[in-house]
Amino acid sequence: MSAAIDFAPYARYFNVSEFKDINEALTFKPIWLHEDTPFESNVWKVKDNNGSYLTFSFNILIAPNLSLIDVPDLLRTAKLSVFLYRQSNVGSGKSGCSAITMMKFLSVVCLTIRSLRRLNINYFSSMNGEVVKLMVDEMSVGEANNTTVTLSLSSVLESIKTSADSYTKKDGSLDVSKIASVVGVPARVLTTARSMTLSLLETFKVENGFYIKPETLKSMASREAANSELGQDVLRKKMDMIKAFFRILTLFQSIFPKEYVFESKAIYSLLPDSVKWSKKHATKKHKRTGDIPIKDFLLIMDRAIRWVVDYSSVLIKLRAEAADQFETFVEANPKSGEHYAAKQMRQWLYAKLKDFEGLPGAPYPIAGYKVDYNGSSSKFTDEEIMRVRESQGKKIKEIQHEMGISKSSIFRIRAQSLSTEINGISLNKAVHHFLPVACILVIYAFTARRKSEVQTLRTGCCWDTKEGPVIRMYSAKYYQEYQDFPTTRLVKKAVEILELITEPLRAKTGDNSILNIPSLSTDEKSDLIGGKYINEFAKFIGLADESVSSWEFSEHQFRRLFAIMYFYRYEKGDLATLSWHLRHTDFNTTMVYLTDEDFQLVMREVSMQFAKDVASEPDEYSGLMKDELIALSDSIEAQPSKRVDKLLKNAGANAGFALSIVPDGMCFGMTPKLFERSMCLMDGALQLSSATVGSCFGCKNLLGCQSSITVSAIDEIIDPFNSPMLRAAEEFVDEYQ
């Protein structure tokens, strides 16, 4: 294929950086295609920018019972388009998109082909303005709610009622993939959440006796009318890729089969503006990532750091000891094997971790080795259970005589005694779920990296320098390359813990990822950096179910809080350094974080909590405002800045107290009746943003601290000189002291 195509006229469009030389750029030998994968293959193994490989197939449905690989010239068109999307500067618009973006582009190409075929257009050369308009209208709805698709699905379902056996899997479930092939769309289209196709499938399953999950059946009764929502970003990205596909076909006409080249170059210009079109047709309003309530957030981070600093070494050491002990129990009773050993391990583990009892968020009690244990009901009293447990070593007849119970009851009590006393998580969950989650939370909070970037962590990614620890992570959104970031000792410790946890699995697989978490029962890989396990960890440490279920985890919550804390809390923070650390390409993106009203309110809530702490320890503070603060502490409530301004303006001299945090303590200068006595009053405004350590001493509106403000045990865990934010905190303490 490559020999038959002359790319020379198009050399200016290529990103030659991904080839060894320009000649290689023109002969289909990109470095991102695995050496064992020829261009002609229908399954590509593509190297991502972070070094990993992604495999995707061109065997994709484009019509009923027709795959892309069944139409050679169309297959060639799709392959060339995907190749040029990554390789040329007219595709992704930047030097080399990611492998996952290539796969998404292929999906959109096939979506476009299916849409055109539903309009009876098999060749692109037949397209005109009316066809483009109809295709664009289809795209605004989504295939799962497309009228033609739903009618086709209804027809197929009706036809198979008399031959349902041929569409039934061995486990009794409906073979959705087979149905999708007849309809002519990928199976995932038919199972799109809250769509017409999914509603049709579920109704068919219920009416024809196919297996359906109980929770699905329950939700069907209360579910609103099917209406899958399309977000503005989803629609915009889809149209961007369609436009890239059409532009490639327009600019590289001579290399594509003539049937798949537009007769008029004006076809590309008929596609709508992506932003305006997506905004018009989006049915799901754009919604920013919800924030974890500040109290919940602080509690989660407190417990996560405790797991990393206080509990990790004990748990990792216990994992090795427990493995040996488990084998000992198995060998002691080979007949019962692991069943017997599992029961014995509960008692053994319970005794091992007694020192953790009562510690905040601690992994205690451990009630099982491989699986969690929630206990079972028992007909025996606590006294009977205790006496049997205390009689270990005595003969059965002797116990029978002392307690007056049967032999079988003694055996049942011995089997149940532990279960009725101890309920809790397993060692497997503690070491392989919650401890990695704690490490990942620490990494999120102190590096402000995205999920896709944390996923790239490898062994040896964090090391010491004379300036402090450095961590190497993939910068995904803008730079798409590995970069080094200054970090803290706490992050370095979290990375080292992940290396220890994953070492047994890495030794078997040769994979150097420190996020492929093993298991005590199977060599599993768990995605612990998403919301599921983080929410589970949050519930374990004591957050109420209703609180956890009310927010959805996102790494952007950490990035925003990191930005706000850095810029507003620390005197020496600056926009340029923050923007660099977040790897934003312009200050405007960073300013979106800093001007976020919700997160500024979060900072005020933290400040208000500090104020209440002041009131609870009055001897530590001084100044004219001390008594007033103590009296008002219960009524302190954080408010957004706009609301504060409005309240002060409307209430005038009758307004309550307004409090701001400054380096020397807390300032009441914004309170209308106290405004005029502020030392920093200049030209009718307070100069709070210019406040530095010592600048407010002597001001009548300052609530000063008697003792030094300290960063608790900062040098025991972190080196503040690795991060501008932490260095500023340390310098603040040193200067004040």
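Guide: Gladly! Let's start with a pair: the side chains of R114 and E143 form a salt bridge, 2.8 Å from N to O. The model is a predicted one, where local features need pLDDT of at least 70 and side-chain atom pairs count only at pLDDT 80 or more, while totals for chains, interfaces and linings use all residues. Residues are numbered from 1 along each chain as its sequence is written, and side-chain values use heavy atoms, with hydrogens and water left out.

Visitor: What makes R114 and E143 a salt bridge?

Guide: A salt bridge is a side-chain nitrogen of Lys or Arg within 4 Å of a carboxyl oxygen of Asp or Glu. R114 and E143 are 2.8 Å apart, N to O, so they qualify.

Visitor: Why is R114 called buried?

Guide: Buried means under 20% relative accessible area, exposed over 50%, partly exposed in between (1.4 Å probe, protein chains only). R114 has 2%, so it counts as buried. E143, at 10%, is buried too.

Visitor: Which residue does E143 meet at 3.1 Å?

Guide: That is R118, in another salt bridge (N to O). Salt bridges with shared partners join R114, R118, E138 and E143 into one network.
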